[in-house]
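Student: I would like to work through this structure with you, a few questions at a time.

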Amino acid sequence: MRGFGAFGGNEPLYVVDGLPVSNTEFLNPDDIETTTVLKDAAAASIYGARAANGVVVYTTKQGKRGKRKTEMTVNISSGVTDPNVGGALEILSPQDQARYTHIAYENDAAVSGDPVDYRHPQYGSNAIATLPDYLYADGVSGASASKVNLAQIQSNYENDPDNTFLIKPNLAGTNWYKEITRIAPISRFSVGFDGGTDNGRFYSGISGQNQSGILLENEFVRYTARFNSEWDIAPWLSIGENFQATYRSVTGGFGGNGGIGGANSESVILSAIRMPSIIPVYDEFGSFASTKAAGFGNARNPVRVLKNDNGDDKAYAVGGTGNIYVLLKPVDGLTIRSSLGGTYSNSHYNSYSYKYLGDSEPQASNGYSEGSNYFFNWTFTNTASYDKLFGKHRVKALAGIEALNTGVGRSINGSGINPFSTDLDFQSLSVVQSPVVNSSQFKGVNFYSLFGKLDYSFNDKYYITGVLRRDGSSRFGENNRYGVFPAVSGAWRVIAESFMQDQDVVSDLKFRAGWGQMGNSNNVDPNNQYSLYASDRGNTFYQTLGQSSGTSEGFAASRIGNPDAKWETSTTLNIGFDASFFNNKLEFIFDWWQKDTEDLLYQLPLPGVTGNYASAPSVNIASMSNKGVDFEIIGRGNFTEDFSFEARVTAAFLTNKIEALAPGLDFFDGPSVRDIVATRNAVGHSLSSFYGYNVTGYFNSQAELDASVDVVRDDAGVPVLNQAGETTVALDDNGDPIDAQAGQGLGRFKYEDVNGDGRITADDRKFLGSPVPDFAGGLTLNFKYKKLEFETYWYTSIGNEIWNQTKWYTDFYGVFEGSAKGPAAFNSWTPELGNNAQVPRWESASNFSTNGVGNSWYVEDGSYLRLQRLSFSYDFRGDLTDKLGLTKLKIGLSANNIWTYTNYSGIDPGVGGGADTNFGIDIGNYPVGPQYMINFEIGI
C-alpha cells in the first residue's frame, strides 16, 4: 500500500477486532463484517508500530442489541479451480525435440569446423534423427526392440524392482503440466448465529473449508469456531470478547512463507517445464519413469515428486486468537477500555521422501523428518476516550497505552534416513539412521507504546485531528529504542457552507489534507544491537591439542552489533477531496500523496578482515520515496424502477525511487538464479529494478564479427593509434584479434556498447525495466433487476516488466542439454531470420554471448487486464421464503480469473513473490487458475 518503504518487511499490518495479527489465513470470510484499508499516516498512525506500510482492519460480526429472535445464517459454497492446461507453456514434441537436437549438433560443427557429431544416446548417429523403441532397458539407453531381452528384464525386475526400469518413449508426447495438475474441488460451509438483548449482543459461528490445490496431492483444510459477545454488567460496565479457535492442515504444500517462497525457487512447476515430452509418466512395470534414460538432463519426474515425496507430507496446527475486554463509562462521554488478547498456536509436521533410483541423480535413501512448535503472542491495550458536543464544537479525545509481544515459543525438529519400515504407521525419529535433531526457542519482540489522539470539529464543517505516538521496540538498543511519531490532518466540508446551499448539483464536497510520520522496525533482526560470538562445527572447531581424532570447540564473532540502529521513519503527505453530485449519483474521491522513508536499515558489507562468518550489522543509511495519485469514480442510478446499476472505477499511479544508500555506495544487487543476477537496487531507480546488458540484435554476418574487435589502449583507456592514424587491434598470445564481446559468434546476442569504448564489459550494463507498475486499477460493474443481480470486476496492471527466467531453461539448447525445450526453437537464429529471430542460434554453447549473463531478452512487458470476477445471484426473499419459514434464500453463481489479456509469454503475468528486493521474477510460479463456484445463503 502506498508503494514500498523498505528493503524488507513491506507487508501491511493486519488488525482483527483491534488485535494485531501476522496474517489472516485463520479468518473465515463469512465471519467478516467490515474491511477497512488505512493508507495515509494520519489515519494509520493510531496503530503506530508496524503500521508504516499501511493497515488492513477487519471487524468480525458482532451481533446486534435489542430484543429479537436469534438469526441463523447458513452459507454453502462449492466449486472447482481449473489449472488452465491450455494456457501452460508449450514444449517440443518428441519428434521436434530430436530434430532440433541434431540441428544443434550441426550448428556446433559449423562453429568449430569439425565434422557433425550426432552424439545423442537416443536419437541415432545419422543426420535424420530417429526415436528408439526403448529409452531405457535395464542399463541400456536408446535400445531397439530387437536387442532387448524382455524376459530377462522381467526377471530382473522381480528380483530388484527398485533398480530395474523399462521405459518406452511416449511418441504422442507427455503434457507434463497437465500430468501434475488437476481440476481441483473446493467447498466451504459456515453457520452463524446472530442475537442480542437490550443488555447485550452476541455472534457465534462455525465453518469448514476443504480446498484442493491444482497441483496433485496439495490439500488445505480449515475448521473454525468463533464466539463474539458483549454484555452489560451495569449501566456503566460492560465486558466482551472476540475469540476464534482454528484447526488447519496442509498436505503437500507449495513454497515456504505461506506459498510466497515458491516464487523464489525452482519449483515442481519448473520441473514440469524441464521434463522432455518423450518420457512417459510411468515405465512398462508401472514404476515412475524419469531421466535414468541417458540424454535428458537431470530433471526429476514431477508427478513422482508430488505423489511420493510430497503426498504424505502433512502439517497440522491448532490454536486460538482473540481478546477479552472491559468497557467502563463512569461519566457521560467518557469510555475507558481495557483489552487483553493474543494468539496461541501449536503445530506439528511430518515429511517423507522415498528412495528412487530412476533419476539421473538418484535419490538413494528413504527419508523422514518431523517437527513441532508452539507459539504465543499477546497484546495488552488500555485506552480512555472522551466524546462531547459543546454547542457547535465536537471534541473527541483518546489516550492509550499498549504493550505487546510478537510471539514466544519453542520448536524442535529432526530428520534421518532409512527408517526400518516405509509404513507411515511405523515411522518416527527413533527408527531412522543418522538422526539429526535441532531445537530452538524464541522470545519475540516487545513493543511498548504511548499514544494520544484529538479530534475537533466545528459545526460539522471544519475538522482537525492530531495524533502523537511514542513507540519502543526491543529490536533496537537502549540508545534509540524509542521513537516519537506525530501526525495531523484537517478537512473542510465545503457543502456545509452557506454559499453551497440552494443548489442541486453538488451533493457533498470535502477537501482533506494530512501529514504524519510512522515508524517501521520490521526489517531488522532483534539481535542486530548485539555483538555475538558462537561456535560452529564447520567454522570454529579445530584440532588444537594434538589429538589423533576429534576437535576442540572454538568461538568466533557471529554478529557485529550496531547498538545505534533506530526506527525507519516514513513521512507521508496526503491531499485530496471527496465530491458527490446529483443526489449522490456520481462520486469522486481523489488523493495525491507522497511518502518519504528515511533511515532505512541496510546491511553494509563488512571489511574482509572480519572474516566471512559474522553477520553484518544493519545500519540506518538509506532513503526511499514513493509518490502517487489515487482516485475513485462511482456512478449509480436506475434505468427503470426495477433496474438499477452501479459502476466503480479505482485507479492508482505510483512512482517508486531509491533516494540514497550508504555513503560511497550507489547500488546493491539482488540474489542470483543460476548465476543470473536480474535485479539491482540503485539510487535514482525503483526497488528491484531489472539490470543487465541490452540486446540490440544478433551477430548476423562474419563481417559484423570481424568488425567487433578490441583495440590497444593506453593507461587512460584511450585507443592507441598506429602510424597510419588507425586504431591498433589488440591481439592475444597467438596473434589473433581479441573479440570486443566475449563469446561472440554468428547468431549470438549482440549487446549495446553503452559507454562507447568499443568493447563490451560490465560497465555496459544498464537498467532494463522495473517490476513496479506505473498504474493499477479496477472496474466494478453491478446491475440489479428486481431480485436478479449481476456483478463483474476487472483488474489491470500497466507499466511493469517481468523477468522471465523460465526462458533460460526452455530457449537455450545449451542449458541442461537434452531437457525439454520450447517452440522458440522454431524461430531460432538463422541467416535468413537475422534480427527477427526469437532466440539465438540453436547450439550447445553456453557463454557470455548466449545464456551466461542477464540481459534485456529476459525482460517482457508485464501489463495485463484480467476479468477477476463474474457473478450472478438471485434473491428468493418474498412469498417463497415466507412459505418455507426462512428470512433469506439466495443462490449465486460466480467465476473468478476467467480471462486475461497480456503480451507476457509466461504462464501468468500476475507473478507472485515477496515484495522486497527480488520480485517480478518468474521461475515457474504458481499460476492463478479460473475458479467456478455455486453459493447458497440461507437465513433462518
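The questions and answers below concern a predicted model.

Student: Which element gives the most to the nonpolar patch?
Tutor: The patch, of about 630 Å², is made by Ile324, Leu340, Tyr344, Tyr374, Phe376, Trp378 and Phe380. Two or more of these residues come from each of strand 14 (334-353) and strand 15 (367-390). The element that gives the most, with four residues, is strand 15.

Student: Is tyrosine 344 buried, partly exposed or exposed?
Tutor: Tyrosine 344 belongs to strand 14 and is one of the residues that make the nonpolar patch. Buried would require under 20% relative accessible area and exposed over 50%. Because its relative accessibility is 37%, tyrosine 344 counts as partly exposed.

Student: Which strands stand at the edges of the open sheet of three strands, each with a single partner strand?
Tutor: The sheet has the order 7-6-8, with antiparallel pairing, and two bridges join strand 6 (residues 134-137) to strand 8. Each edge strand has a single partner, so one side of each is left without a neighbour in the sheet. The strands at the edges are strand 7 (140-143) and strand 8 (166-167).

Student: What is the bridge partner of tyrosine 136 in strand 8?
Tutor: Strand 6 and strand 8 run antiparallel and are joined by two bridges. The partner of tyrosine 136 in strand 8 is isoleucine 167.

Student: With which residues is aspartate 599 in contact, leaving aside its neighbours within four places in sequence?
Tutor: Aspartate 599 lies in strand 27 (residues 586-603) and is partly exposed, at a relative accessible area of 24%. With neighbours within four places in sequence left aside, its contacts are Lys566, Trp567, Glu568, Asn620 and Ala622.

Notes. Residues numbered from 1 in each chain as written. Predicted model: local features only at pLDDT ≥ 70, side-chain atom pairs only at ≥ 80, totals over all residues. Heavy atoms only, no water. Patch = residues over 30% accessible without salt bridge, like charges linked within 9 Å, V, L, I, M, F, W, Y side chains within 5 Å. Areas by Shrake-Rupley, 256 points an atom, 1.4 Å probe, with all protein chains shown as cover. Salt bridge = Lys/Arg side-chain N within 4 Å of Asp/Glu carboxyl O. Buried < 20%, exposed > 50% of the residue type's maximum accessible area, 1.4 Å probe, protein only. Pairing = 2+ DSSP bridges. Contact = heavy atoms within 4.5 Å.
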